[in-house]
Amino acid sequence: MRRAIELAEDVKGTTYPNPPVGAVVLDRDGEIVGVGATEPPGGPHAEVLALRRAGTRAAGGTAVVTLEPCNHHGRTPPCVDALLAAGVGTVVYAVADPNPVASGGSARLTAAGVDVRSGVLADDVAAGPLRQWLHKLSTGRPHVTWKFAASVDGRSAAADGSSQWITGEAARADVHRIRAVVDAIVVGTGTVFADDPTLTARRPDGGLADRQPLRVVVGEREIPSEAKVLNDDSRTMVIRTRDPREVIAALSDRTDVLLEGGPTLAGAFLRAGAVDRILAYVAPILLGGPVVAVDDVGVGGIGQAHRWRFDGVAQIGPDLRLSLVPGPPGGGGH
């Protein structure tokens, strides 16, 4: 299953509206004989690819999949059909398919005599490759991650406004890796005027990544035509609003949105309850001064504090990457 999760992660951002799924086929002796991951829309699903590569060795073997095999005919036939045709004896999956149109694969496989096991590493899959897709399916809106870099004392720039570079090369490379799989990057006009960012995803060698996100600039000020965010490296959408809800509505056809705006825009999204995850890159430096990572979030006293919980902590070079989701340990919300 961990191998299947890796495969799913590798295709994130390329499969919409289908979920990024990974599959591994084992033969009767438990040897891996085929792997696959969902291809772009119209292409085969993960199970089909893995079964093709396994060939006749799939018969009597085991298929391990990150998501319950689909049971409906969309652009491609149901994956359940392929599994039954291949004669697999066991199907193991992590997360049940919450889409009523595609669900029912487990029941059909069981009815056909296949041994079906569910829930294997379900939390890893739900918080990993399927995080954004599951959110979109359950809420109808894109998943929004607020990403920022700050000093250990919470400053996003020095007193003179300089911010390049707070974090190290490894953290910046990690951000470019994330940019290459998201659907859109959102910033405010203030960031465009202050930093003139390109908002592209780049490879370690500095070249443009194969896949570029939609660049989104929000705010009421007109940005100059020579701004880098308007160059030909990727598409750009300008939304004349300060309302986070209007921004999300304009991006309703997207699944994975990265908010990279400055403190004003971040504060607006947080006050609106429009942030689903925080990704903070914290550098072991002290800056002091007035430039904080986020402005007013509507908290007048400690009892009104937005409560979040850590769902991941990793060291990236000399820096820390902190992942947080709403709600204190044990439940609750923000």
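In which strand is the place of Thr145? Select Thr145 and you will find that residue in strand S6, which spans residues 143–151; strands here are DSSP runs of E with at least two residues, and helices are runs of H or I with at least four, numbered from the N terminus. Before going further, note that this is a predicted model, in which local features need pLDDT of at least 70 and side-chain atom pairs count only at pLDDT 80 or more, while totals for chains, interfaces and linings use all residues. Residues are numbered from 1 along each chain as its sequence is written, and side-chain values use heavy atoms, with hydrogens and water left out.

Stay with Thr145, which counts as buried because its relative accessibility is 4%; buried means under 20% relative accessible area, exposed over 50%, and partly exposed in between, with a 1.4 Å probe and protein chains only. Show its surroundings next: leaving aside residues up to four places away in sequence, Thr145 touches Val257, Leu258, Leu259, Arg277 and Leu279, where contact means heavy atoms within 4.5 Å.

Now colour the chain by domain, with domain 1 as 1–131 and domain 2 as 141–326, bounds that come from an automatic or database domain assignment. The centres of the two domains, taken over C-alpha atoms, are separated by 34 Å. At the interface, five residues of domain 1 are in contact with nine residues of domain 2, and about 620 Å² is buried between the domains, 45% of it from carbon and sulfur atoms; buried area is the accessible area (1.4 Å probe) that two parts lose on being put together, summed over both.

Finally, move to Gly60, in the loop between helix H2 (46–54) and strand S3 (62–67). Gly60 counts as partly exposed because its relative accessibility is 31%. With residues up to four places away in sequence not counted, Gly60 touches Arg28, Gly87, Val88 and Gly89. Draw a distance from Gly60 to Thr90: the two are 30 residues apart along the chain, and their C-alpha atoms are separated by 7.6 Å.
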